[in-house]
Amino acid sequence: MSISSLRPGLAFDPTPLTEPVDARRVHEHHQAHKASRPRTAGDVIVWVVMALLVPFGLIPVVMLFTDLARLPAGPVIVPVVFGGMIAATVLIISRVRRQVRRDREIRYRLDRFAAANSMTYQSRVANPSLPGMIFSIGGDRITTDALRTVTSPHVEYGHHQYVVRRGKRSTTFRWGYIAIELGTALPHIVLDAVANNSILGTNLPTSFGAQQRLSLEGDFDRYFELYCPEGYERDALYLFSPDIMARFADTAALFDVEIVDNTLFLYTGPGISTVNPEMWAWLFGTVSALQSKVDQWTRWRDERLLEPSAVPADTPVATSVGTPPPSRPPGVAMKGRRLRRGRGNVWIIFGFLTLVALGWFLPLLAV
């Protein structure tokens with residue numbers, strides 16, 4: 001067994017990701033997965049559409065060859081066109097089959113990798129019940145290649161996609177995510193990574209009101225834009241003490257971060273669940289580095305949950321160096337559970353289009 005060490009005390013087994021695989025075992029794994037997955041209405045519709053497309057698709061092909069055969073050079077053109085179509089069809093089918101085999105092999109490797117490293121594997125989960133922002137948007141929500149640790153606190157790695165429809169147009173959005181279970185519920189906080197934003201604003205599917213933006217000390221704002229519920233600024237300062245800010249800036253600056261309920265989410269593009277051992281070494285190292293710091297968040301308590309008479313007047317509040325009184329119950333008051341959404345990039349886009357329009361029309365007016 002090959003063991004790749006991330007750092008002292010942290011190791012994993014990458015062998016299933018790279019060792020040679022038996023094609024027969026891959027096929028058996030696919031059949032077992034196929035048998036365990038119930039057939040949905042969407043699967044039936046796909047087969048019906050394919051069954052209809054094949055015969056109807058032959059009609060224009062027959063008409064094409066009929067017209068070509070009537071040409072003076074028809075006896076030469078028809079075989080050439082027919083041979084080209086056959087070659088193109090064989091090439092397309094070959095590439096599709098190769099990709100299908102590759103996808104099945106990846107699922108097989110990830111399943112064995114999960115088993116070798118105390119994780120479970122699910123190749124597909126419809127409408128996952130996770131509280132993060134990317135899991136409640138759009139339709140046709142599907143999580144794929146999800147690996148979840150067996151022991152607590154649970155950590156899940158996976159891909160998620162959803163479809164947003166605007167009239168007759170639809171767009172599919174794909175994400176990679178890491179979900180880290182926390183020891184207690186915390187206020188809804190979002191760290192919007194500056195590195196992956198554009199001139200039009202955030203790359204996140206949801207935006208938040210500017211009143212909820214909190215600037216932290218040091219150079220943390222160079223890496224993240226932090227949003228927290230109004231009235232929870234002091235709590236955010238307690239949670240993101242200088243040492244935790246430094247850890248996020250060092251290890252998670254390429255991720256968008258969301259803290260919601262008792263889960264810490266790291267968002268990025270697709271490519272989390274991969275057969276690349278180096279990627280897993282980086283992911284495991286990132287999670288371990290964050291967990292070693294955010295464990296102290298379990299001491300946080302929301303003083304808004306207490307009745308005024310339940311706390312003596314001289315009870316100290318939580319600070320970055322003190323521990324909140326144990327009498328305070330865990331949980332988050334209603335006001336802190338979810339951030340208020342903003343208008344997104346609408347005003348930025350509107351302003352940009354306005355400037356473009358003025359650039360076109362002002363010279364004309366001057367003439």
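Among contacts (heavy atoms within 4.5 Å) with a separation of 6 or more, 68% join residues 24 or more positions apart. The model is predicted: local features need pLDDT of at least 70, side-chain atom pairs count only at pLDDT 80 or more, and totals for chains, interfaces and linings use all residues. Residues are numbered from 1 along each chain as its sequence is written, and side-chain values use heavy atoms, with hydrogens and water left out.

Buried residues (under 20% relative accessible area, 1.4 Å probe, protein chains only) make up 35% of the 367 residues. A nonpolar core is a set of buried Ala, Val, Leu, Ile, Met, Phe, Trp, Tyr and Cys residues joined through side-chain atoms within 4.5 Å.

| Core | Size | Members include |
|---|---|---|
| Largest | 49 residues | Tyr157, Ile178, Leu226, Phe240, Phe248, Trp280, Trp297 |
| Second, separate | 18 residues | Ala146, Val190, Leu204, Tyr227 |

Strands (E, at least two residues) and helices (H or I, at least four) are DSSP runs numbered from the N terminus. Leaving aside neighbours within four places in sequence, Leu226 has contacts that include Ile189, Val190, Leu191 and Phe240.

Helix 6 (residues 242-251) and helix 7 (residues 277-294) pack with axes 10 Å apart, at an angle of about 170°. The axes are lines fitted to C-alpha atoms over the stretch in contact, and angles run from 0 to 180 degrees between N-to-C directions. Helix 6 is therefore roughly antiparallel to helix 7 (over 145 degrees).

How values were computed. Buried means under 20% relative accessible area, exposed over 50%, partly exposed in between (1.4 Å probe, protein chains only). Angles under 35 degrees count as roughly parallel, over 145 as roughly antiparallel, 65 to 115 as roughly perpendicular and the rest as oblique.
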